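This report looks at how one chain packs inside and what it leaves on its surface. Please keep the sequence and the 3D view open while reading.

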Amino acid sequence: MSYLLRVQLPDRPGSLGALALALGSVGADILSLDVVERGAGFAVDDLVVEVPPNALPDTLITAAESIGDVHVDSIRPYSGVLDTHRELELIDQVASARDDRMQVLVDGVPRVLRVGWSTIIDMGPQGAYRVVGSQSAPETQAGSAPWMPLDKPTVLDPESEWVPQIWRDMDTKLAAAPLGNTGKVLMLGRPGGPDFRPSEVARLGYLAGIVATVLG
C-alpha cells in the first residue's frame, strides 16, 4: 500500500534524514520525493511512501510529527505511477495523440499534478459547460463559472455559490488556469485537500500554457 504525504518541515540539513528514519521506524519506505515549495526556513515536500499491508496511515502521521517542527498537511492513498518527468511525459503524450488530445490531457493531469480530477471548461451561449473531464471527474457539473474568462492561473474559492454542494461536502479544493487564448480553462479538483500552494498553481499555469501551444 502506498500513501502520498504532504509534509512541512524545517529547511535545514538533517531534517529529511530524520524524517526518513522516523518513517522507517514504522516500516515505511520513501519511494519518491518532490519539493512542492520552499519558504523562509521551511520546505513543503510530497513523499510517496510504501507501508506494510494492514498498516494504519495514522502511524505515518504520528511518526513524522514525532520530529520537532514537522507537520503533516495531508495523507491520502496513492496509486499513481512514479515518474520524475511527469509534466514532460504528459506534454509528449498530448502532442503525439491521434484522437482527442484534450481527453488525453485531462486523463493525465491528476497523476502529474497529484489531484483528484481535472476538466476543461468553455463558455457557450448558455454559459459555462464541460468540454471533457478525466475518468475521475464528478458526474455533478458546475452550472456556472462566474470567474470566467480567466487570464491567469488561480485558486478558486471552494465555498462560492457556483460550486456544487456535493463538491463542498467533499471539501474539494479547486484551481484553474487558462488554456492559452482559447477561452477554455483547465480546472483541477482535489477532494479532501490539501489546499493548492502558490507553487502548484504556478506549475498548473506553466503546464496549461505549454499544452495550449501543442493543442494549437
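Which residues of the largest nonpolar core touch the most other members? The model is predicted. In it, that core has 23 residues, and Leu105, Val109, Leu113, Leu186 and Leu188 touch the most other members. At least two core residues come from each of H3, H4, strand S8 (172–178), strand S9 (185–191) and H6. H6 gives the most, with six residues.

Val109 shows how these contacts run. Beyond four places in sequence, Val109 touches Leu90, Arg114, Val115, Ser118, Leu186, Leu188 and Leu207. A second core is separate and has 17 residues, including Val7, Leu19, Ala28 and Leu60.

**Helix H3**

Helix H3 spans residues 86–96, and its buried residues are Arg86, Leu90, Ile91 and Val94. Why do they sit on the same side of H3? They cover an arc of only 130° around the axis, which puts them on the same side. An α-helix has 3.6 residues a turn, so residues three or four places apart point the same way. The other side of H3 carries Leu88, Asp92 and Ser96, which are exposed.

What do the buried residues of H3 pack against? Their partners are strand S2 (29–38), helix H4 (101–113) and helix H6 (198–215).

**Val112 in helix H4**

Val112 is part of helix H4. Is Val112 buried or exposed? Its relative accessibility is 0%, so Val112 counts as buried. The cut-off for buried is under 20% relative accessible area. Apart from neighbours within four places in sequence, Val112 contacts Arg86, Glu87, Leu90 and Arg203. Of these, Arg86 and Leu90 are among the buried residues of H3. Val112 and Leu207 are 95 residues apart along the chain, yet their C-alpha atoms are separated by 9.9 Å.

**The nonpolar surface patch**

Leu16, Ile30, Leu33 and Val35 make a nonpolar surface patch of about 270 Å². Which element supplies the largest share of the patch? Strand S2 does, with three residues. Leu16 belongs to helix H1 (residues 15–24). Leu16 is partly exposed, because its relative accessible area is 35%. Strand S2 also takes part in the packing described above, against the buried residues of H3.

Ser2 is in strand S1 (residues 2–10). Its relative accessible area is 16%, so Ser2 is buried. Setting aside neighbours within four places in sequence, Ser2 contacts Leu31, Val48, Val49, Glu50, Pro77 and Tyr78.

Pro77 lies in strand S4 (residues 71–77). Is Pro77 buried or exposed? With a relative accessible area of 58%, Pro77 is exposed. Pro77 touches Met1, Ser2 and Tyr3, again not counting residues up to four places away in sequence. Pro77 and Pro57 are 20 residues apart along the chain, and 8.9 Å separates their C-alpha atoms.

The table lists the accessibility of the single residues discussed here.

| Residue | Relative accessible area | Class |
|---|---|---|
| Val112 | 0% | buried |
| Ser2 | 16% | buried |
| Leu16 | 35% | partly exposed |
| Pro77 | 58% | exposed |

Even so, Ser2 and Pro77 are in contact.

Definitions and conventions. Residues numbered from 1 in each chain as written. Predicted model: local features only at pLDDT ≥ 70, side-chain atom pairs only at ≥ 80, totals over all residues. Heavy atoms only, no water. Buried < 20%, exposed > 50% of the residue type's maximum accessible area, 1.4 Å probe, protein only. Helix = DSSP H or I, 4+ residues; strand = E, 2+ residues; numbered from the N terminus. Arc of directions from axis to C-beta. Contact = heavy atoms within 4.5 Å. Core = buried A, V, L, I, M, F, W, Y, C linked by side-chain atoms within 4.5 Å. Patch = residues over 30% accessible without salt bridge, like charges linked within 9 Å, V, L, I, M, F, W, Y side chains within 5 Å. Areas by Shrake-Rupley, 256 points an atom, 1.4 Å probe, with all protein chains shown as cover. Salt bridge = Lys/Arg side-chain N within 4 Å of Asp/Glu carboxyl O.
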